[in-house]
Amino acid sequence: MTNNLKEIASKFSVEGKIADIKPLGEGFINDTFIVTTLAEEDPNYLFQRKNKNIFKDVPGMMGNILKVTTHLKQKIAAAGGDIMREAMTITPAKNGDLFYKDEEGDFWTMCLFIKDNLTYEAADSPELAYAGGKGIGKFQSMLSDMKEPLVDILPGFHNIRFRFKQWDEVLSKDPAGRKAGLTEEIAWVEDRRKEMLEFWTLVENGTIPTRVTHNDTKINNILFDKEGNDLCVIDLDTVLNSTVLNDYGDAMRSYTNTGLEDDENLDQVSMDMDIFKAYTKGYLEETVSFLTASELEYLAFSAKYITFEQVLRFLMDYIDGDNYYKIKSPQHNLIRTHAQYKLLTSMEEQYEQMKQVIFKYSKELSV
């Protein structure tokens, strides 16, 4: 396998001689490796085999990443920053493509490895949540004037109208015969259908603008420097044109949960208001200058929206017979559904306070 990896890696425009290639991380979606070079002065590289079952258009994906990183580097350079450390740098194949397609039809990509960074798996303090908010906020701010369209590599992503269409089809078929025992859980979804579709209509008609979004804003997709300041947003596979509210809402779903996404002890699951406040402050410090009144108005709602979407998707997959998410037990998707619903209800209980926090910070920061 190592020899084959070195052969594939040699198809890219690597500076120096490749010394070693080793796996990096757990690889839930893509297979990721670090390529080390022989000479200390030569850079190292991140090397990935993209999951072609999820990403059907890798050339389109890489084109998106190039557009976004080019725009980011222009902004970073204008601000006097380090374009090699504060934005990802794609390493092209020797033939000029942004990827290499092997004989088995797998797509491989490479980018420069950014040294001397810190990463975190969870935002376990308000200080870290604040830094994460600034990281995503700065990313969105630098891209807020980017007008060049991106390829839609994940059609229907975070589109609740599309999700309800899937939901209705699964409910009508009930392929695993589970629907009859889920009256309460199905009602959780149906009781919120109207407000969720009303929100998405505002995105569809342009009341809430479409911008460049990351779409996977968990904290381990931000690199920090040794002082703990945000350095670079990574993992740009899912960059799309959508509403920035999706990024904020997704961050709130992952950052503020006091329990696990599949926690069986629902007493442990709630939304941490201190983490919410810290992330929101950092985020708005970077974004309040360009966010519209409609975006600010629905910022708090986006946390409910994204969390609701995950309730729907876990429950839908359970009813469908567990065909999308990997499961550890026959009830795993139902356990996830209950845990996400507990988080959603915690957000709903604190919703007015969430809106007040956003109003307070946005007013203070606009002065």
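Start with the whole chain: 28 Å separate the centres of domain 1 and domain 2, taken over C-alpha atoms. The model is predicted, so local features need pLDDT of at least 70 and side-chain atom pairs count only at pLDDT 80 or more, while totals for chains, interfaces and linings use all residues. Residues are numbered from 1 along each chain as its sequence is written, and side-chain values use heavy atoms, with hydrogens and water left out.

**Domains**

Select 1-115 for domain 1 and 126-366 for domain 2. These bounds come from an automatic or database domain assignment. Now show the interface: 23 residues of domain 1 are in contact with 23 residues of domain 2. Contact means heavy atoms within 4.5 Å.

**Helix α12**

Select residues 351-366, helix α12. Helices are DSSP runs (H or I, at least four residues), numbered from the N terminus. The expected span is 1.5 Å times one less than the number of residues.

Colour Tyr-351, Met-354, Val-357, Ile-358, Tyr-361 and Ser-362, the buried residues of α12. They cover an arc of only 120° around the axis, which puts them on the same side of α12. The arc is taken from the directions from the helix axis to the C-beta atoms. Buried means under 20% relative accessible area and exposed over 50%, with partly exposed in between (1.4 Å probe, protein chains only).

Turn to the face away from the buried side: Gln-356, Phe-359 and Lys-363 are exposed there.

**Aromatic pairs**

The structure holds 20 aromatic pairs. Rings of Phe, Tyr and Trp (its six-membered ring) pair if their centres lie within 6.5 Å; planes under 30 degrees apart are stacked, over 60 edge-to-face, the rest tilted.

Select Tyr-248 and Phe-276. Their ring centres are 6.5 Å apart and their planes at 80°, so the pair is edge-to-face. Tyr-248 lies in α7 and Phe-276 in α8, so the pair ties together parts 28 residues apart in sequence. Both are buried.

Move to Tyr-279 and Tyr-283, a stacked pair: 6.2 Å centre to centre, 15° between the planes. Both are buried.

Then pick Phe-199, Trp-200, Tyr-298, Phe-301 and Tyr-305, which form one aromatic cluster.

**Charges over rings**

Finish with Arg-178, over the face of Tyr-318 at 4.1 Å from the ring centre. The charged end of Lys-304 sits over the ring of Tyr-351, 3.8 Å from its centre. The criterion: NZ of Lys or CZ of Arg within 6 Å of the ring centre and within 35 degrees of the ring normal.

Note on methods:
Helix = DSSP H or I, 4+ residues; strand = E, 2+ residues; numbered from the N terminus.
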